[in-house]
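Here are my notes on the model you sent over. Have it open while you read, and follow the points in order.

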Amino acid sequence: MNWMRPWALALCLSSLGWSAAEAVDDPQPATAQDRQWLLPDLPPHPDDNAPTTARIELGKMLFFDARLSSERNLSCAGCHSPLYGWSDGLGTAKGFRSKVLGRASPTIVNSGYNTIQMWDGRRATLEHQAMGPMESMDEMAMNLDALFAWLAVNPSYRAAFAAAYPGEAIDKTTTSKAIAAFERTVISNDSPFDRWLRGDRHAMTARQVNGFRLFSDPNKGNCAGCHQAPNFTDNGFHNVGLASYGQENPDVGRFAIKPVSSLKGAFKTPTLRDVALTAPYFHDGSAKTLLDVVAHYNRGGEVRTNLSTSVKPLSLSKDEMRDIVSFMEALTTPAKPFTLPQLPAN
Amino acid sequence: MQFHPQWATVGAIIVAAIGLFTSLSADAAEHVLAQKGKAFSVKKLQVKVGDTVKFVNEDPFAHNVFSLSDAKSFDLGSFGQGGSKTVTLDKPGTVEVECAVHPDMRMVIEVGK
């Protein structure tokens, strides 16, 4: 009675408390080498801006306060919202009076671990970057003299600055330091992948572990060639062959900052932590889903002009592509309660 | 047979140029640097005018080598694992070398006479 055997085996396994699904989904444990992907608990900070509660709280107030924009309707959090993985869910950002900008809002998740900031790397640190959107006429378009005059007369802000940076002026330096101190607290380091690295073998599924292996294998996905440990970025710049680079007068990216020919159309490698929360993807928002992204790389890019030598056709099967996507979905740290700041009254 | 002074001058220049090239070639040294672990194998290098520096990529991903320094401006392009590119330093001065792909990768070549 051969037809009975699978049924009998299932019954036997079930009685042992072991389901068939678990038998199939038996992920490999992390190796010692895999643990290079574990992030330090805290990102580094400049010597003159060590994080304190007062600095972080002030930075949070400034980050969420739309009165830092000329029309009092755009805050840093408008484009870097915790509701959208600290990005904005848009293909490319919208700035002053909803002007559509050329590039996507990068997430600030784990930006404190980056050694260079922005898609084109034009700012080295979070402190250097923080005032940029306020000063840009395409973004918050703020009159900084008016801003600092207002902050200086507002009792709550005056007290918050005095507590955070005693004896220092309320100016670009202290404002950008406070915002940077807050941004360094936006960390993703407790995803299923992180827990798997720390020894919880079943934190990821077998499919996700396989996706990680494909992601890391130079002869398969080769994703880790650029999305390197531990923050899934090499802090480097690559032209990844997007269709938009084939258009007339394309965005040249890093080349505008460093006029070296190989940098034409090159943009910074973004982190992939919490990446499932930040669709659409690429600096131009041209990929709607993570599967679209993987399919793009599987084809070896669209436009080959000045293409990075790291981007080549991959020959991944559909299952392999789905496994890599499944792995990237395991990079999301579960949401924690987030307390909004209490902003000073007008 | 007529004597043409302009040809004599050209000949002298060619002979001088060959002599200079030979003397540079004879004394010139090749310095080999690795690009490994997203870093140059040395942070500072002293060379002489005429020396060459060969950059070898030992990482499993592409690197670039360029400099925008006054003493030597060059872009050796990008090359993958096992690839190498060479530059000749032909003027004295300080040459700040970077990898365009990975801006954290930097080193300095001091070119002496």
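Before the points, a word on reading them: this is a predicted model, in which local features need pLDDT of at least 70, side-chain atom pairs count only at pLDDT 80 or more, and totals for chains, interfaces and linings use all residues. Residues are numbered from 1 along each chain as its sequence is written, with chains lettered from A and ligands numbered from 1 in the order in which they are written.

1. Start with β9 of chain B, a strand covering residues 106-112 (helices, H or I of at least four residues, and strands, E of at least two, are DSSP runs numbered from the N terminus).

2. Now look at what β9(B) pairs with (pairing takes at least two DSSP bridges between two strands). It runs parallel to β3(B), residues 44-48, with 5 bridges joining them, and B:Lys48 sits opposite B:Gly112. With β8(B), residues 93-98, the sense is antiparallel, over 6 bridges. There, B:Val95 has B:Ile109 as its bridge partner.

3. Chain B also has an open sheet of 4 strands with mixed pairing, in the order β2-β1-β4-β7. β2 (39-40) and β7 (84-88) are at the edges with a single partner strand each, so one side of each has no neighbour in the sheet. β1 (residues 30-36) and β4 (residues 52-57) pair parallel over 6 bridges, and B:Ala34 stands opposite B:Val56.

4. Over to chain A, which has 13 helices and 2 strands. Its C-alpha atoms fill a box of roughly 90 × 50 × 35 Å along the principal axes, and 43% of its 346 residues count as buried.

5. Have a look at α9 of chain A, residues 172-183. Why call it largely enclosed by the rest of the structure? Because 10 of its 12 residues are buried, including A:Lys177, A:Phe182 and A:Glu183. Those buried residues pack against α3 (53-64), α4 (76-79), α5 (126-129) and α8 (155-164) of chain A.

Note on methods
Buried ≥ 20, exposed ≤ 12 C-beta atoms within 10 Å, placed from the backbone. Expected span 1.5 Å × (residues − 1). Contact = placed C-beta atoms within 7 Å.
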